Amino acid sequence: MPAVPLRRVAPRGHLIVCGDTALAYRLAEALITRLGQDVTMVLPSKRHGYGPQISRLPKIRIVEAQQLTDEAFQNARADVARAVALVGPDDV
């Protein structure tokens, strides 16, 4: 049987980053500015922690949620996301 050539399909969907840390900010910034990805951030507040810096990133979508619940992931549209990164303070 002849080998079937693989077709590369461009991945679709956005990326979700969950966290309110310097690492979460740097990850989102790199995904947006260096790789041109669509990013949704799930964080406790746009006004506290790294929320203000994250909110200023270009083309970022913010979902405010105190906890990572089903509702938070539904609001972030996890059902059509390509990947989810859960970034905590000790992940460096």
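Me: Which residues make the nonpolar surface patch of about 280 Å²?
Reply: Happy to start there, keeping in mind that this is a predicted model. To join such a patch, a residue needs over 30% relative accessible area. Leu68, in the loop between strand 3 (60–64) and helix 3 (70–75), has 47%. The patch of about 280 Å² is made by Leu68, Val84 and Leu86.

Me: Is Leu68 buried, partly exposed or exposed?
Reply: Buried means under 20% relative accessible area and exposed means over 50%. Leu68 has a relative accessibility of 47%, so Leu68 counts as partly exposed.

Me: Which element supplies the largest share of the largest nonpolar core?
Reply: That core has 13 residues, and Val17, Ala28, Val39, Met41 and Ile60 have the most contacts inside it. Strand 1 (15–18), helix 1 and strand 2 each supply at least two of its residues. The largest share, four residues, comes from helix 1.

Me: Which residues does Ile60 contact, leaving aside neighbours within four places in sequence?
Reply: Ile60 is among the residues with the most contacts inside the largest core. Its partners beyond those neighbours are Ala28, Ile32, Val39, Met41, Ile54 and Ser55.

Me: How far apart in space are Gln37 and Gly13, C-alpha to C-alpha?
Reply: Gln37 sits in the loop between helix 1 (22–34) and strand 2 (39–43). Not counting residues up to four places away in sequence, Gln37 touches Leu15, Leu31, Ile32 and Arg82. Gln37 and Gly13 are 24 residues apart in sequence, and their C-alpha to C-alpha separation is 9.1 Å.

Conventions. Residues numbered from 1 in each chain as written. Predicted model: local features only at pLDDT ≥ 70, side-chain atom pairs only at ≥ 80, totals over all residues. Heavy atoms only, no water. Contact = heavy atoms within 4.5 Å. Patch = residues over 30% accessible without salt bridge, like charges linked within 9 Å, V, L, I, M, F, W, Y side chains within 5 Å. Areas by Shrake-Rupley, 256 points an atom, 1.4 Å probe, with all protein chains shown as cover. Salt bridge = Lys/Arg side-chain N within 4 Å of Asp/Glu carboxyl O. Buried < 20%, exposed > 50% of the residue type's maximum accessible area, 1.4 Å probe, protein only. Core = buried A, V, L, I, M, F, W, Y, C linked by side-chain atoms within 4.5 Å.
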